[in-house]
Amino acid sequence: MAVIHLNTFEEEIDPTILKRGLSYYSSGHVIDFVEITNNEYQATVAGTEDYSVSLKKKGDSIHEWNCTCPYDYGWVCKHVTAAIFHLLKDTLTIDISEVPKQKRRIEPVVMKKRTKSIKTQTKEILKQVPQNEMEEFIQQSLSKNREFRNAFLATFGHLSENNSPRALIQAILKRRIGNKPWIDRAQMTALVQDIEPFLKNARHHLQTAEYEKAFSIATALLEGIVKKISYCDDSGGDLGNIAWMSMHILQDLAKTKIPDEINQTLFNYCLTAFNKGVFGGWDWHIEVIELAGSVAKNKKDINRVLVSLKTLTNDYDRSKAVVIELDLLKRFGTQKDVDNLISNNLIHYEVREIAIIQAIENKTYEIAIGLCKDGIEQDRKDRPGYLKKWYDLLLRIAVLQEDIGFIISYSRHNFINSYENAEYYYELLKTYVPDDDWNPFLEELIAEINAAQNWRNMDRVRFICIKEEWWDKLLDYVKTNRSISLIEDSTQYLKADYRQDLIELYRVEILEYLDSNVGRNHYKTACRHLRKMKKLDAAAEVNALVEELRQKFPARYALIEELERV
């Protein structure tokens, strides 16, 4: 088992944890520390809440320790480290003045004389630096510091002849990608660092009402990225995120009260980009025509948008097109035009939803119910993902009509079949099911969930057990559906009454996990579970399991090494 040697603990404990522990100790977070028996200590360390730390000392080492905090990603937490510093306070020389301070719990904060901000200091310096020295400094920084160079060119590059933001962005993309068939993750990082300053400046221009600059940079980023992203490893989503944020800048621009000339420029750009398929194959293709529709100001432009929308033919695109057209008719057409468009396009999910919400707002509930039920029949076979929306709307109508029977029926259906909002459906059920019928109702509900054998919703049984504090049933559920994540998530509810059962569940899961997985990362995961098991006041059981693992896997040297740190 792992041992903390008091003479060398500063070298043994992870530097980050050591620093945090020292900071906690020096700022008074160890609010109680007593020797309960010879060489056994109990401390209270204030963190997110008050945590109890126990230490057992043998000679010059700590042989056993425990903390009630949830940390389990290393062998020692900052609270244990703080307690060790307190234990050794009379033998260590610690310059507390060098330790970053945190607010003490009891001691008043001593107000220090405020120093000048960096911004104020910088202003004062810039007033005094000779221009030639400043130019020389900037030139040297541009040659040595890529991050500074990128920010400088993104901000001031347009002042140089023929250096528009578009030209600068294209030059960066050409330099980084050029004719390379593929850009790996490492090269991607450099590319993103080069173009991020442009995005930052576009946001700044939008905030300072420099709308043309914001528009120019955002469109240049969007076009440049879309042309190159297919040749890049953007598995981290960094480049795609810059494109999304660029589109958001254009959308924010459309929502802002901008001059008519810039509004028309934005409209023309979006319509042209759509018609030329600049963003074809991406969601931005639909978003630019939607943006064009949102900024259209006259009948001529509206008709141009409507003509372009007719080129969208597949089901998904047609649905989006109808919604855009519907928005245009609401702004510039008649109610009859709107009603006709809706009634002729109910096959589209978003249009049906608009029609149902409109009927609910008009309190024509029977029409809304009919639309919901037709939607269920229409989508049951080919588009089952849409069913949740129709059942949610039926429940909404039932609540508005105060129809208890349907409230219970639809809440029950949604609780079993939906992957979200369990709390809402459960509370509705608890409100409307009579108290005398509640427990039998839940038993039937659990039986129905179990019979469905839908693994996605099996967690609803656990949800019910926790809400009703049925700990015996929760334990049965955990044993039947045993997994390490389920054991961990249920420990807080079961540890008071079923500690020994949990210890055994952890033991079996850890053994099975190591039977099936090899490699240091897996060994670290297993040891993290061992630490969770140890927090159940199971040091003896953990020691026995560690010894069993040593005997079972003597040739797994990395595992043996990780076990030493449990």
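**Notebook: a predicted chain of 566 residues**

I began with contacts, meaning heavy atoms within 4.5 Å. Among contacts in the chain between residues at least 6 apart in sequence, I found that 59% join residues at least 24 apart.

I noted the basis of the entries. The model is predicted, so that local features need pLDDT of at least 70 and side-chain atom pairs count only at pLDDT 80 or more, while totals for chains, interfaces and linings use all residues. Residues are numbered from 1 along each chain as its sequence is written, and side-chain values use heavy atoms, with hydrogens and water left out.

*Overall form*

I looked up the secondary structure and recorded 28 helices and five strands. These are DSSP runs numbered from the N terminus, helices being H or I of at least four residues and strands E of at least two. I then took the radius of gyration, which is 32 Å and well over the 24 Å of the globule rule for 566 residues, so the chain is more spread out than a compact globule. That radius is taken over C-alpha atoms, and the rule is 2.2 Å times the number of residues to the power 0.38. The C-alpha trace spans about 90 × 85 × 55 Å along its principal axes.

I recorded 42% of the 566 residues as buried, that is, under 20% relative accessible area with a 1.4 Å probe, protein chains only. The chain exposes about 32200 Å², of which carbon and sulfur atoms supply 50%; the areas come from the Shrake-Rupley method with a 1.4 Å probe, and for residues only the protein chains shown count as cover.

I located Leu-168 in helix H7, residues 165-176. Leu-168 counts as buried because its relative accessibility is 12%. Its C-alpha atom is separated by 7.8 Å from that of Ala-154, 14 residues apart along the chain.

I found Glu-468 in helix H22, residues 459-468. Glu-468 is also buried, at a relative accessible area of 16%. Leaving aside neighbours within four places in sequence, I listed its contacts as Tyr-426, Lys-430, Trp-438 and Leu-442.

*Cysteines*

I searched for disulfides, pairs of cysteine sulfur atoms within 2.5 Å, and the structure holds zero. Cys-67 is in no disulfide, and the nearest cysteine sulfur, that of Cys-69, is 3.6 Å away. Cys-67 is buried at a relative accessible area of 3%, and Cys-270 is buried at 0%.

Notes:
Buried < 20%, exposed > 50% of the residue type's maximum accessible area, 1.4 Å probe, protein only.
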